[in-house]
Amino acid sequence: MTASPASPDALLAATRASYDAIAPAYTETYPDILGDRPLERALLAAFAELVTGNGPEPVADVGSGPGHVTARLHALGVPVFGVDLSPRMVALARAAHPELRFHVGSMTALDLPDATLGGLLALYSVIHVPDERLPAVFAEFRRVLVPGGYVLLAFQVGDGERLRMTERFGQEITLDYYWRRPEAVAAALTEAGLPPQTRMVREPLDEEKRPRAFLLARKPG
Ligand SMILES: C[S@@+](CC[C@H](N)C(=O)[O-])C[C@H]1O[C@@H](n2cnc3c(N)ncnc32)[C@H](O)[C@@H]1O
């Protein structure tokens with residue numbers, strides 16, 4: 001795994017600015033990432049069933065982006081809200097889904113009390129968290145979950161490398177991507193007290209370059 005070159009705050013600010021710059025193009029390009037993905041939709045439906053069966057507590061979609069997956073969970077009967085680092089993403093999500101709540105915030109320090117969430121969804125958002133910050137992010141996930149609460153993570157698979165992207169959708173950005181092995185992420189979850197219950201990896205589809213991993217973990221209790 002690779003060490004980050006800048007301070008954590010500077011990296012977070014760069015990630016925020018990058019997503020602010022690309023938010024409209026990102027939202028237009030990926031209007032519904034689960035639309036033609038039956039396996040992912042099935043996993044999301046299972047997650048919805050597990051969290052609603054567990055209790056009435058809300059679910060946070062962390063790194064909710066345009067909010068389309070938040071809306072899918074809502075349609076499945078889950079009391080869900082979105083949290084995203086990028087104010088522009090949050091504005092777009094609110095405009096597209098005025099019936100739902102979206103907040104600006106970071107998974108590195110969630111503005112939520114302890115043990116209040118029944119579930120936490122993080123689809124392709126921990127991919128921007130540097131390796132050295134991942135344990136603290138997973139500890140934060142554990143802190144906000146009720147005992148028995150679930151986490152569902154999705155990320156592109158790699159071998160621990162970091163890619164810095166400096167241009168996307170014609171915008172100048174500074175956005176780091178971390179491609180990890182599912183076993184490494186599963187070990188970090190276990191270490192944080194969120195043992196994985198289910199692991200799924202699927203091969204790339206269409207224009208995708210990397211396999212996709214999905215980990216479902218649960219806070220004991
Ligand atoms: C690749 S997009 C994924 C969006 C959405 N989950 C989806 O699957 O389409 C990553 C999102 O995570 C957000 N993000 C990145 N770092 C974050 C952080 N530390 N806390 C909260 N959101 C973050 C970005 O602003 C962006 O909207």
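This is a predicted model: local features need pLDDT of at least 70, side-chain atom pairs count only at pLDDT 80 or more; totals for chains, interfaces and linings use all residues.
Me: In what order do the strands of the open sheet stand?

Reply: The open sheet has 7 strands in the order S3-S2-S1-S4-S5-S9-S8, with mixed pairing. Strand S3 (102–104) and strand S8 (196–202) are at the edges with a single partner strand each, so one side of each has no neighbour in the sheet. Direction ignored, neighbouring strands are turned by 15° against each other on average.

Me: Which strands does helix H3 touch?

Reply: Helix H3 (residues 68–75) packs on the sheet and touches S1, S2, S3 and strand S4 (117–123). Its direction makes about 165° with that of S2; axes are lines fitted to C-alpha atoms (for helices, over the stretch in contact), and angles between N-to-C directions run from 0 to 180 degrees. Helix H5 (residues 134–144) lies across S4 and strand S5 (145–156), at about 145° to S5.

Me: How many residues lie between S6 and S7 in their hairpin?

Reply: There are 2 residues between S6 and S7, and Phe169 in the turn has a positive phi of about 50°. Strand S6 (residues 161–168) and strand S7 (residues 171–179) run antiparallel, joined by 7 bridges. Glu161 has Trp179 in S7 opposite.

Me: Now the ligand. Which residues come nearest?

Reply: Of the 20 residues around the ligand (a heavy atom within 4 Å), Tyr19, Gly63, Asp84, Met107 and Leu123 come nearest. Helix H1 (residues 8–29) supplies the largest share of this shell, 4 residues.

Me: Which side chain has an N or O atom 2.6 Å from an oxygen atom of the ligand?

Reply: That is Asp84; a polar contact is a pair of N or O atoms within 3.5 Å. The side chain of Ser106 has an N or O atom 3.1 Å from a nitrogen atom of the ligand, and a backbone N or O atom of Leu123 is 2.8 Å from a ligand nitrogen atom. The protein covers 97% of the 590 Å² of accessible area that the ligand has on its own (Shrake-Rupley method, 1.4 Å probe).

Conventions: Residues are numbered from 1 along each chain as its sequence is written. Side-chain values use heavy atoms; hydrogens and water are left out. A polar contact is a pair of N or O atoms within 3.5 Å; within protein, one must be able to donate a hydrogen and the other to accept it, and residues adjacent in sequence count only if both atoms are side-chain atoms. Two strands pair if DSSP finds at least two bridges between them. Contact means heavy atoms within 4.5 Å.
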